[in-house]
Amino acid sequence: MCTTCGCGEGETHIDGELHEHHHAQALAHHHHHREDHGHGAAPGHSRMVRIEQDILGRNNEYAAANRRYLAERGILALNLVSSPGSGKTALLTGTIDNLKGEFPMAVIEGDQQTANDAERIRRTGVPALQINTGKGCHLDGHMVGHALEKLQPGEGTILFIENVGNLVCPAAFDLGEAHKVVILSVTEGEDKPVKYPDMFAAAGLMILNKIDLLPYLEFDVDRCVEYARRVNPGIRVLKLSAATGEGMADWVQWIRAGREHALAGRPVAG
Ligand code: MG
């Protein structure tokens, strides 16, 4: 694996531009840039744990800055995480179709390569920014901070962050979101929650997607939910099909409630 994700350092492209780690721009929301990213030569075994702590510690600082920025503007940020192919982007375009005209929305797309998903989102009329992580297998707080500066989401925006398809590393990286939403499609194994417990423990909501395919599969929904609750007793579960629209109303209602909560929590000026 990526040694707690020293992977892909220095290869990030934000909306097609190479993101250098050594620029010195002042950042709008106290998003201080750190020059010492702790990457370089392969570390010796004894240094691994310290480097891991450093990387996660710095990430937490960036995430906290993002969270302040979002809270000040009453922005609900949802971090969508899953394996590749769970249907995140289709879920997003369906969600946008449901909420368009009701609320402002914006999307940050994370993939190793291509801007395909951001282009799919932009076709809905919602602004989207693509982050390409190169060899990196997750988004981090630093990347999302820069994306926020570029997107400049306004008050009350719903910000969807589609993470890189990976059930491991994105669990460890806080982006400043209100919730991680883990999407599991019924074409995958029902035991994913116990195989990748960190992700399911970190998520506030599990979406079981592609339920229209259940008649053709062996997937045991009850067992999957039981596995998810074994690693996270408080996790909420929604079952839906982005393809047919079944169950989308509950998901959209969950988002509306989250947005109300974000707006109500906004600090009052003066
Ligand atoms: Mg996608």
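In sequence, the donor residues of the magnesium ion follow the spacing T-x27-D-x44-E. Thr89 lies in helix 2 (residues 88-99) and Glu162 in strand 6 (residues 158-162), so this pair ties together parts that are 73 residues apart in sequence. The model is predicted, and its protein chain holds eight helices and nine strands. Of the 270 residues of that chain, 52% count as buried, and among contacts between residues at least 6 apart in sequence, 73% join residues at least 24 apart.

**Magnesium site**

- The magnesium ion is coordinated at 2.1 Å by Thr89 through OG1, by Asp117 through OD and by Glu162 through OE.
- Both Thr89 and Glu162 are buried.

**Helix 2**

- Nine of the 12 residues of helix 2 are buried, so the helix is largely enclosed by the rest of the structure.
- Just after helix 2, Gly101 adopts a positive phi of about 90°.

**The sheet and its edges**

- An open sheet is formed by nine strands in the order 2-1-5-4-6-3-7-8-9, and the pairing within this sheet is mixed.
- Strand 2 (17-18) and strand 9 (236-239) stand at the edges with a single partner strand each, so one side of each is left without a neighbour in the sheet.
- Helix 4 (residues 141-151) packs on the sheet, where it touches strand 1 (13-14), strand 2, strand 4 (105-111), strand 5 (128-132) and strand 6, and the direction of helix 4 makes about 150° with that of strand 5.
- Strand 7 (residues 179-185) and strand 8 (residues 205-209) run parallel and are joined by five bridges, with Ile207 of strand 8 as the bridge partner of Ile183.

**Strand 6 and its two partners**

- On one pairing, five bridges join strand 6 to strand 3 (residues 76-82), and the two strands run parallel; here Ile161 of strand 6 is the bridge partner of Asn79.
- On the other pairing, five bridges join strand 6 to strand 4, and these strands likewise run parallel; here Ile108 stands opposite Ile161 in strand 6.

- Asn166 lies in the loop between strand 6 and strand 7, and at 13% relative accessibility the residue counts as buried, because the cut-off for a buried residue is under 20% relative accessible area.
- A polar atom of the Asn166 side chain lies 2.7 Å from the backbone nitrogen of Val168.
- Leaving aside residues up to four places away in sequence, Asn166 touches Ser82, Ser83, Pro84, Cys137 and Met199, and of these Ser82 belongs to strand 3 (residues 76-82).

Conventions: Residues are numbered from 1 along each chain as its sequence is written. This is a predicted model: local features need pLDDT of at least 70, side-chain atom pairs count only at pLDDT 80 or more; totals for chains, interfaces and linings use all residues. Side-chain values use heavy atoms; hydrogens and water are left out. Donors are N, O and S atoms within 2.8 Å of the metal (3.2 Å for Na, K and Ca); water is not among the atoms, so sites may look incomplete. Helices (H or I, at least four residues) and strands (E, at least two) are DSSP runs, numbered from the N terminus. Buried means under 20% relative accessible area, exposed over 50%, partly exposed in between (1.4 Å probe, protein chains only). Two strands pair if DSSP finds at least two bridges between them. Contact means heavy atoms within 4.5 Å. Axes are lines fitted to C-alpha atoms, for helices over the stretch in contact, and angles run from 0 to 180 degrees between N-to-C directions. A polar contact is a pair of N or O atoms within 3.5 Å; within protein, one must be able to donate a hydrogen and the other to accept it, and residues adjacent in sequence count only if both atoms are side-chain atoms.
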